[in-house]
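Me: Please go through the structure shown here in questions and answers.

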Amino acid sequence: MEDNSSWVDGEVRQINDRVISVQLLVMMFLGINFLLILTFFKKKSFYTLARYILFAVTLLSDSLILLISNILFLLAYFNFTIQVWLCISISMVLLLYLMVTPVTLTAMTLERYVAICMPLRHAELCSERIHVHCILIIHGLSSLPCIAVFSSFFASASLSLYKQHKICTLQMYILHRWQGHIRSTVQQFYFFIMVIIIVFCYVKIMKVAKTASGDDKKSSQKGLRTVILHGFQLLLCLIQLWTPFIEIYVYQINVFFDVRFFNYVLFYLTPKCLSPLIYGLRDDIFFHALKNYAFFDLYKKSIFQVAVGQW
């Protein structure tokens, strides 16, 4: 009996440590994203450049996903149930922005392709007038899988289900096997198109990089590395959208929390740290602005507060 209780205590302690580590990671990534978003809004010249606008969309999308998914993670950990209609409202936003991120990554890859392979048309195709249309198109395309998932759920769910209290998870919307097939088919079709676009852009940029020289060659090679990182992000996003199907099969098994923790850290948190790496740190212009506007402003505020306190 003592061995049994000590084993249970050890398991509980391990789970608590995992939850604490997840919260630390989430706070760290949200803090980094906040600094990058602050830098974007501080410098007005970023508002006119397509790649930085798309980067800001990715940051906002990733931050929203982190916030909502972490809330759902904690609710599931504490076995806290909410009404199904409220869960649907939260999940709609989450599913929408789970698609916004990969669609925006694809748009960013296309922007790099235009900048490197079609430099004379870059100003025309990435003008300020196009920016708003591009963001609307991204959200419109991203909403279609969400509409497909919830339309199939609304068609088969009874009215009494919406008033029930359940643990809010994405797998609760798959009531029948065919619903899972619809969701999987739509998402895989999207990612098949995205992969084709990224591979096409990579091949085209690689051809330009081989023939370029001097500064053009450096720019092309940097564009190649950016496209590769976008492809890796897209792969993680694809696996991330498969995680609810994995969790369905282990839902009734004792390893459910272990699998969910692994999925959340590797496929939700990890892709969110790549966006700051790709543009926030690798991009010289943005990194310079980050140092000047974010850190220097915070330093000035602390100096001002010290001066006021001394006064």
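Reply: Buried means under 20% relative accessible area, exposed over 50% and partly exposed in between, with a 1.4 Å probe and protein chains only. This is a predicted model, in which local features need pLDDT of at least 70, side-chain atom pairs count only at pLDDT 80 or more, and totals for chains, interfaces and linings use all residues. Residues are numbered from 1 along each chain as its sequence is written, and side-chain values use heavy atoms, with hydrogens and water left out.

Me: How many of the 34 residues of α3 are buried?

Reply: Helices are DSSP runs of H or I with at least four residues, strands are runs of E with at least two, and both are numbered from the N terminus. Helix α3 covers residues 84-117. It is largely enclosed by the rest of the structure, because the number of its buried residues is 24.

Me: Which cysteine does a disulfide join to C87?

Reply: A disulfide is a pair of cysteine sulfur atoms within 2.5 Å. C87 lies in helix α3, and its partner, 81 residues apart, is in the loop between β2 (165-166) and α6. C87 is buried at a relative accessible area of 1%. With an S to S distance of 1.9 Å, the partner is C168.

Me: Why is the sulfur of C201 too far for a bond?

Reply: C201 is buried, at 0% relative accessibility. The closest cysteine sulfur is in C117, and it is too far for a bond because the distance is 7.7 Å.

How values were computed
Expected span 1.5 Å × (residues − 1).
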